[in-house]
Amino acid sequence: MLSGLNHLTLAVRTLDNSLAFYVDLLGLKLHARWDKGAYLSCGSLWLCLSLDDAAGAAPTDYTHYAFTVSETDFPALVETLTQAGVRIWKTNRSEGESFYFLDPDNHQLELHVGSLASRLAACREKPYAGMRFYP
């Protein structure tokens with residue numbers, strides 16, 4: 001049986017640019033770095049950055065990685081990212097504050113205020129088409 005997400009590995013073109021983005025802009029913690037990669041953490045999430053010449057293809061679908069941020073910290077972090085010139089890939093239309101942006105290798109990321117519980121509560125109030133709930 002699966003018990004959770006073990007780690008997330010992102011292919012990156014330039015390790016220095018990606019470390020500056022994830023550590024300096026987003027505040028993830030750097031644990032180790034080597035010639036072709038790095039290990040970071042964001043709370044209990046283990047993030048691996050791995051050099052890959054194929055990294056950076058343009059985003060084509062809704063696959064993305066969302067990071068939790070507090071309601072208090074959300075505006076300042078959005079401002080920091082906006083001032084840094086990150087590219088926005090989507091506008092928020094769902095429950096909770098969200099900011100959708102791209103990293104230097106076009107990985108689709110999101111800052112999100114909320115949880116599964118808050119999303120389900122909002123959906124119970126205004127369900128998506130064909131939505132069913134289970135115990």
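Which domains does the domain assignment of the chain give? Two stretches come out of it: domain 1 (1–54) and domain 2 (56–127). Keep in mind that we're looking at a predicted model here.

**Where the domains meet**

| Domain 1 with domain 2 | Value |
|---|---|
| Distance between C-alpha centres | 18 Å |
| Buried area | about 1,300 Å² |
| Share of buried area from carbon and sulfur atoms | 69% |
| Salt bridges | one |
| Residue pairs in polar contact (both at pLDDT 80 or more) | five |

On the domain 1 side, α1 gives the largest share of what touches domain 2, with five residues, and β1 and α1 each put in at least two. In contact terms, 16 residues of domain 1 meet 17 residues of domain 2. Arg13, Phe21 and Leu25 stand out: they supply 39% of the area that domain 1 buries against domain 2, more than any other three residues. Arg13 also pairs up with Asp105 in a salt bridge, with the closest N and O atoms 3.5 Å apart.

Nonpolar side chains tend to be buried together in soluble globular proteins. In this model, the largest nonpolar core has 26 residues, and Tyr22, Leu26, Leu49, Phe101 and Leu111 touch the most other members. Elements that each supply at least two of its residues include β1 (8–12), α1 (15–25), α2 (74–83) and β7 (98–102).

Phe101 is worth a click in your viewer. Leaving aside neighbours within four places in sequence, Phe101 is in contact with a set of residues, among them Phe21, Leu26, Leu81, Trp89, His107 and Leu111.

Methods: Residues are numbered from 1 along each chain as its sequence is written. This is a predicted model: local features need pLDDT of at least 70, side-chain atom pairs count only at pLDDT 80 or more; totals for chains, interfaces and linings use all residues. Side-chain values use heavy atoms; hydrogens and water are left out. A nonpolar core is a set of buried Ala, Val, Leu, Ile, Met, Phe, Trp, Tyr and Cys residues joined through side-chain atoms within 4.5 Å. Buried means under 20% relative accessible area, exposed over 50%, partly exposed in between (1.4 Å probe, protein chains only). Helices (H or I, at least four residues) and strands (E, at least two) are DSSP runs, numbered from the N terminus. Contact means heavy atoms within 4.5 Å. Domain bounds come from an automatic or database domain assignment. Buried area is the accessible area (1.4 Å probe) that two parts lose on being put together, summed over both. A salt bridge is a side-chain nitrogen of Lys or Arg within 4 Å of a carboxyl oxygen of Asp or Glu. A polar contact is a pair of N or O atoms within 3.5 Å; within protein, one must be able to donate a hydrogen and the other to accept it, and residues adjacent in sequence count only if both atoms are side-chain atoms.
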